[in-house]
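Here are a few friendly notes to read alongside the model. Keep the structure open as you go through them.

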Amino acid sequence: MLECSIKYITVIIIRKGLPTPVYAKFKEDENETEVTTLKSGLRVASQTKLGQFCTVGVVIDSGSRYEVNHPYGISHFLEKLAFNSTEQFKNKDSIQQELEKHGGICDCQGSRDTLIYAASIDSRGLDTIVKLLSETILKPQFSDEELELARQTIKFELEDISIRPDQEPLLLEQIHAAAYKNNTLGLPKLCPSKNVDVIDRQAILSYLNSHHAPERMVLAGVGVEHKQLVDYAEQYFEGVKPVWSDVKNKIDADNSLAQYTGGLESVEKDLSNVSLGPTPMPELAHFMLGLESSSHKDLDDFIPICVLNMMMGGGGSFSAGGPGKGMYTRLYTNVLNRYHWMYNATAYNHAYNDSGLFCVHASAHPTQLRELVNVIVKEIVNMTSSISDTELKRAKTQLQSMLLMNLESRPVVFEDVARQVLAMGYRRSPHYFINAISKVTEEDIRRVAHKMLKSKPSVAALGDLKQLPPIDDIETALGSKDGRIPKRFTLFR
């Protein structure tokens with residue numbers, strides 16, 4: 001009793017004389033993304049975030065999907081040519097020196113539907129980075145020396161991708177080529193080797209003239225004051241004449257919608273000698289099966305598909321581990337834990353403005369390829385089966401957790417802001433998606449699964465493919481109740 005009294009008195013003494021604590025209260029409207037459209041059509045978006053540093057960049061509605069009237073691989077070149085010499089900066093070193101004054105770093109990343117130029121820098125260097133972005137995007141020089149260096153870099157990258165153990169970049173190229181045969185998202189993201197020596201300064205400027213217009217750009221900043229960002233955007237982007245403005249014979253921008261076709265892209269390749277340094281790697285045959293999913297704009301389908309993706313989960317045979325590593329996902333419990341010969345089984349969902357691709361990548365020794373296809377097809381068919389409350393709740397919680405964890409990173413918030421504003425003109429808050437995820441039901445999951453299974457399958461295969469069943473047989477199995485390839489189709493080809 002005495003001991004308890006002493007503790008109580010101690011607490012009173014500590015609190016005496018201190019002001020009453022005032023706790024912060026969250027207000028949705030104070031954290032909204034601000035968007036301003038300039039006269040040229042350039043959109044400027046900003047998101048408040050505490051901290052000394054900011055992330056600022058430009059996202060452009062540009063990428064390999066728009067190269068139908070140009071040599072394939074220009075976007076790959078633009079990624080390598082970013083932040084080189086401009087009208088005011090003589091070379092890459094001068095740009096780096098300017099960034100270092102404010103502790104900044106920069107990068108450019110290309111995808112099938114966007115090109116992103118961005119930098120993280122001390123907030124006091126905002127003027128510098130907006131000016132630098134304007135120079136890099138609107139005033140690049142593309143000197144002969146820089147073009148040759150880009151060619152050598154791309155050649156090395158293509159060679160490295162072809163010989164390294166991780167074959168996923170090649171499989172992603174194949175599955176998109178199979179899903180969108182000869183159109184938009186099916187066009188190669190990696191520069192084809194035959195085009196490396198063909199693409200020149202004129203070809204790049206012609207592409208920029210078609211697709212790098214102000215109305216296809218968003219200047220976004222996280223951790224900056226909106227009015228200040230708008231002022232700098234007007235100063236450095238408005239009325240600036242780009243280097244491609246004098247290009248003749250302008251080609252109209254390609255605004256084609258993605259046409260899902262389905263199909264097969266297979267490459268016979270000897271993977272028996274692939275190794276990672278002194279560590280020998282097992283010989284693998286890779287198989288990826290895809291179905292048409294949903295655009296990220298169609299939230300009624302997109303969010304349930306994201307939950308389904310988390311529910312399928314998966315990974316490599318050596319990537320298990322503790323809680324949160326996906327040990328209870330279907331591709332772990334039903335595939336990796338049951339078939340010791342399965343090296344990898346992972347689900348992915350690629351979402352774009354006008355389409356989407358849900359796929360499962362699996363790999364095993366070539367002698368197990370036929371059975372691997374059977375196992376994966378069966379799991380995809382079983383997506384329409386009943387789902388326990390525990391399984392659904394776990395998948396939704398994992399998705400919400402991953403979303404919030406990723407948004408703790410300033411560069412991720414930047415990309416989220418920029419991509420949403422580019423696609424829709426505004427940004428939906430994280431709370432919107434958290435609430436939408438919580439409302440997903442078992443019926444939603446089964447509905448989108450049934451819808452995906454109605455599409456023609458897309459298949460990518462790489463390695464020793466002697467035991468790969470024909471795509472018609474895979475399609476037949478996907479339409480069956482048990483997902484098994486009929487016995488008459490299991491003979492080796």
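This is a predicted model: local features need pLDDT of at least 70, side-chain atom pairs count only at pLDDT 80 or more; totals for chains, interfaces and linings use all residues.

1. Residues are numbered from 1 along each chain as its sequence is written, and side-chain values use heavy atoms, leaving out hydrogens and water.

2. Start with helix H12, residues 389-406; helices are DSSP runs of H or I, at least four residues, numbered from the N terminus. Its buried residues (under 20% relative accessible area, 1.4 Å probe, protein chains only) are Glu391, Leu392, Ala395, Lys396, Leu399 and Gln400. They cover an arc of only 165° around the axis, so they lie on the same side of H12; the arc is taken from the directions from the helix axis to the C-beta atoms.

3. The face turned away from that buried side carries Asp389, Thr390, Lys393 and Met405, which are exposed, meaning over 50% relative accessible area.

4. How do H12 and H14 cross? Their axes, lines fitted to C-alpha atoms over the stretch in contact, come within 9 Å and cross at roughly 170°. The two helices are therefore roughly antiparallel, a term for angles over 145 degrees.

5. Phe83, with phi near 55°, is buried at a relative accessible area of 3%. Asn182, with phi of about 60°, is exposed at 66%. Most residues other than glycine have a negative phi.

Conventions: The expected span of a helix is 1.5 Å times one less than its number of residues. Axes are lines fitted to C-alpha atoms, for helices over the stretch in contact, and angles run from 0 to 180 degrees between N-to-C directions. Angles under 35 degrees count as roughly parallel, over 145 as roughly antiparallel, 65 to 115 as roughly perpendicular and the rest as oblique.
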